[in-house]
Amino acid sequence: MAESTLGPPHAASDSASRSRRSRVLDAYLRNRLAVVGSIVLVVLVGGALLAPWISPHDPLTMNLVNAYAPPGSEGHLLGTDNFGRDILSRLMHGARISLFIGLVVVSIAASIGTVLGLLAGYLGGWVDDLIMRAVEIFYAFPFLVLAIAVIAVFGPSIFNVMWVLGLVSWPLYARLVRAQVLALRSIEYVEAARASGMGALRVMFRHVLPNTLTPVVVAATFGIPEAILASAALGFLGMGVQPPTPEWGVMISEGKDFIRRAPYLITWPGVAIMLVVLGFNFVGDGLRDALDPRTQRKE
Amino acid sequence: MLLYVARRLVSMVPVLLGISFITFALVTFAPGDAIRIMLGSETANVENVERMRRELGLDLPWYQQYVRYMTGVVQGNLGTSIVSRQPVAAQIAQRFPNTLVLTVSSMVVALGIAVPLGVLAAAKHHRVADYGAMTFAMIGVAMPNFWLGLVLLIVFGLELRWLPIRGIGSLDDGLWAYARHLILPAATLGTSLAALLTRLTRNTMLDVLGQDYVRTARAKGLRSGRVLYHHALRNALLPIVTTAGLQFGALLGGAIIVETIFSLPGLGLLSINAIRARDLPVMQGAVLVFAVCFMLVTLLTDLVYAAINPRIRYG
């Protein structure tokens, strides 16, 4: 959490911003689900980062003699798949892919959305009209439909999945930032900056942008699991990451032909997806409540 | 109100143009050559490519192509399938009702679960029922629908053999025969929306229940069931209806997945098969219909919102 995201840097003195930070942290830590979510994410991210060193087996090495080893077999905690590949190792390497996709997608979407939202809100006029029209048009497409259509044309690959999902999910951030900017535009310190002869760009990036970031950070926290679910769905349909890459959606898609013989082939990746989504959602709820002094907790 | 409707309809025009342009651009500005994508590497010799380019009018400059495309779309002509050689519009018209039935039944499933469960959770705030409902809400949102679909398929289709797992029934065989085929797909598609709406219903109800007029109603001795449903829920419905409408797009997107899992011959399965067969005109038409359908539902939601919200007067 960067300091600049917590409160107006130009309005608050040092000690005030420190006390706000500790209040936010306190509120966050009092939220039990948020703490659980954070722990889940730390474990998942740790497993993902360290996968090349700590995963028990290579995720791609086949061993047909040892196919369909049930969970709990010696050396294969979660069993092996139809090619005898170790499922735990595949899940750990899959976590790398899913988390990476989630981060990249949200970075793309939030960057495009923030810049366009800032321009729309601050400049107004025809720029605002144009950008908001684009937002409306993108919103008119069911998210997954547009993603699938674009990937159908450009071909399925992890690279295409990332930029396509990023490209179709920016409007949310644009709307958020624009609304914030509209609220901020007439606030004194922004007017003061403008009156002192600062250029529009400088006012926007130095004074307005930092104060719009809180909702963006919260939205991004919820955006990551959404991107992970979407990329898993694409992988499942064969429109995303391609086998034999151990992406979780791909693993479910490959496992579905053997569900009667080895249902755990789809159970484990499903559980992994749920854990990561739950983790991010809990953290997102915690962040939102902690950062917004007005929300009362209802959990 | 009438003026508001008119204004909303007019504001749809640029969006419609934008949607149609994007679906048009998808195929026209595709990297490489759309025709090579469609023909595949085996049959893409110079002669075939040129013949098809002329057939599809792809040798014209792009703005002429767009005018041609739009002229066709306005007249209900979405082009011709490359695989079946049938008009795209006819194929879509044949499949679309199935997708509509699927998404609407999923919406019914979602609201049918979410509203009672959310009200119950709010009424039993911080009790077992509340925690149960919230657990469902959290897990339901996190569960990928393609995974849930497979699990339901294994349990109720393959193991228990209670329900069919593929295709669609015919209404000629009676309502039950038809509905049976829809149960698993609609449950799969409706669950995550149900989870989302359960949480929303609960939180909205908690807000409403804390307000003075509800306390008054309680204080004057009305039964709590009547207060819940008559006084509180009616006022909580507005955000629920709005969110449900806006989430219709997620149902349409999810329909692609669910129709694929349960081999349900709707628009989603049509697009996936079209993509696999590199039949771009069919995909293009399906995407356009998906988007227009979602836009109409959004419009409907706005109108319902304006109509039932007494605080808003447009015009």
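Buried means under 20% relative accessible area, exposed over 50%, and partly exposed in between, with a 1.4 Å probe and protein chains only. Keep in mind that this is a predicted model, where local features need pLDDT of at least 70, side-chain atom pairs count only at pLDDT 80 or more, and totals for chains, interfaces and linings use all residues. Residues are numbered from 1 along each chain as its sequence is written, chains are lettered from A in the order in which they are written, and side-chain values use heavy atoms, without hydrogens and water.

**Exercise 1. Sketch chain B.**

Step 1: start with burial. Of the 315 residues in chain B, 49% are buried.

Step 2: list the elements. Chain B has 13 helices and zero strands, counting DSSP runs (H or I, at least four residues, for helices; E, at least two, for strands).

Step 3: get the extent. Along the principal axes, the C-alpha atoms of chain B fill a box of roughly 85 × 60 × 40 Å.

Step 4: check the contacts (heavy atoms within 4.5 Å). Among those in chain B with a separation of 6 or more, 71% join residues 24 or more positions apart.
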